[in-house]
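Me: I'd like to learn to read a model like this one. Could we start with a single residue and then zoom out?

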Amino acid sequence: MKKILFNLIVMALGTTLLTGCLSDDKNDQPAEYVVTNGALIVNNGSSSNSIDGSLTFLDYESGSARQNVFKNANGESLGGTPNSVMCYGNKVYVAGSDENAVFVLDKKTFKLIERISTTDEMGEAEGVMPRSLTAYDNHVYVSTYGGYVGVIDTLDLSVRNMYKVGSYPEGMAIGTKDNLVYLYVANSDYGNGNGSISVVNLSSGSVSEIKGVRNPQELAVAGDNIFVLDWGYYDESWVQKEAGVYLINGSNVQKIIPDATGMAAAGYNIVTFNAPYDSSKKVSYSIFNVAYGSLSTFTLSGDGANRIESPAAISVDPNTGYVLIASRKMNPDTGYPDYSAPGFINMYTGNGEYVKTFDTGVEPHQITFLYGTVKVK
């Protein structure tokens with residue numbers, strides 16, 4: 001596995017390495033390139049079954065998955081429902097929803113550096129249930145179900161500012177427009193149908209709101225374009241309907257991917273899976289090319305006995321082109337996903353060809369990548 005992974009990495013970076021060497025023939029100094037060391041998966045666990053959340057590290061060098069890598073000297077766990085994970089600088093940040101905390105870990109050892117209580121720092125009502133994370137300019141932004149976004153200083157690890165946003169905010173993204181930097185926040189309204197996007201001007205602190213979405217969960221931003229994963233609604237039988245990806249540009253709101261419940265953006269492509277809750281629909285995958293505005297089917301092949309039937313998270317490594325899809329395991333007796341059993345994650349090439357399966361913890365929920373550098377002379 002190690003050799004396969006290394007070869008794929010070299011192939012993915014080959015053009016960059018060649019261009020760098022050719023343009024620097026007269027310079028004996030080694031060139032430095034960013035490489036992916038691995039992927040970090042946050043697992044929700046199962047509060048109803050008293051199973052704490054955890055972190056799984058997919059190590060590219062060894063080609064193996066290490067479970068429960070979070071380390072705390074006091075023996076404490078991540079608690080119930082850690083919902084988001086992000087690496088920024090030399091630290092890893094985990095949003096612990098049930099714990100009302102952001103856990104800050106060392107990037108290399110995964111040892112706990114600080115536990116930031118969002119309710120202490122932001123207020124009991126304002127800081128309740130931290131959900132998602134993003135970062136920009138030495139600050140980490142955390143959304144909370146209190147309807148706020150807290151701004152964490154990455155040096156002293158305290159909340160330095162807060163923004164009032166919409167109802168039950170989830171995913172966030174940073175974007176630039178007219179030489180200004182904005183924070184975009186997906187306000188889910190807890191699925192009640194009155195969702196919105198909050199737009200925070202990080203220079204002035206002003207907050208505006210965009211309507212036209214029902215239950216937004218995740219965002220990707222490119223210039224004036226906002227790509228929003230909307231989970232739609234649940235009918236009286238709890239069947240999920242109308243989930244998809246919308247493109248918002250000014251006052252225009254257009255559904256560009258009609259069926260999607262998970263989304264990952266990398267380069268010019270948005271890759272999605274569609275697996276509506278309690279629906280009999282077969283899992284499907286799509287790619288939307290932002291540059292050409294084209295939608296096509298993304299087909300997985302070669303996974304055989306490790307076929308994904310209940311996808312829970314998707315991510316694309318921009319360095320290697322790997323597509324990682326996390327899934328729950330199916331209960332053979334009921335034919336439904338087993339929400340209390342460890343899940344797994346499949347790795348595919350950018351063409352959808354199966355590479356390998358790795359185990360995860362219970363309820364894998366989000367994937368992020370850890371990067372390093374290599375020098376090539």
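Reply: Start with F273. This is a predicted model. F273 has a relative accessible area of 3%.

Me: Is F273 buried or exposed, and why?

Reply: Buried means under 20% relative accessible area. F273 comes out at 3%, so F273 is buried.

Me: Which strand holds F273?

Reply: F273 lies in strand β23, which covers residues 269-274.

Me: Which residues does F273 contact, leaving aside neighbours within four places in sequence?

Reply: Contact means heavy atoms within 4.5 Å. F273 touches A260, T261 and G262, then S284 and Y285, and also P311, A312, A313 and I314. For a C-alpha view, take D259: 14 residues from F273 along the chain, with 8.0 Å between the two C-alpha atoms.

Me: Now the whole chain. What secondary structure does the protein chain have?

Reply: Count 2 helices and 30 strands.

Me: How do I judge the radius of gyration of the protein chain?

Reply: Compare it with a compact globule of equal length. For 377 residues that rule gives near 21 Å; the protein chain has 20 Å, so the two agree. The C-alpha trace spans about 60 × 50 × 50 Å along its principal axes.

Me: What share of the residues is buried?

Reply: Buried residues make up 51% of the 377. As for surface, the protein chain exposes about 17,700 Å², with 47% of it from carbon and sulfur atoms.

Me: How many positive and negative side chains are there?

Reply: There are 26 positive and 39 negative, and the centres of the two sets lie 6 Å apart.

How values were computed
Residues numbered from 1 in each chain as written. Predicted model: local features only at pLDDT ≥ 70, side-chain atom pairs only at ≥ 80, totals over all residues. Heavy atoms only, no water. Helix = DSSP H or I, 4+ residues; strand = E, 2+ residues; numbered from the N terminus. Rg over C-alpha atoms; globule rule 2.2 N^0.38 Å. Buried < 20%, exposed > 50% of the residue type's maximum accessible area, 1.4 Å probe, protein only. Areas by Shrake-Rupley, 256 points an atom, 1.4 Å probe, with all protein chains shown as cover. Lys, Arg positive; Asp, Glu negative; His and termini not counted. Charge placed at Lys NZ, Arg CZ, Asp CG, Glu CD.
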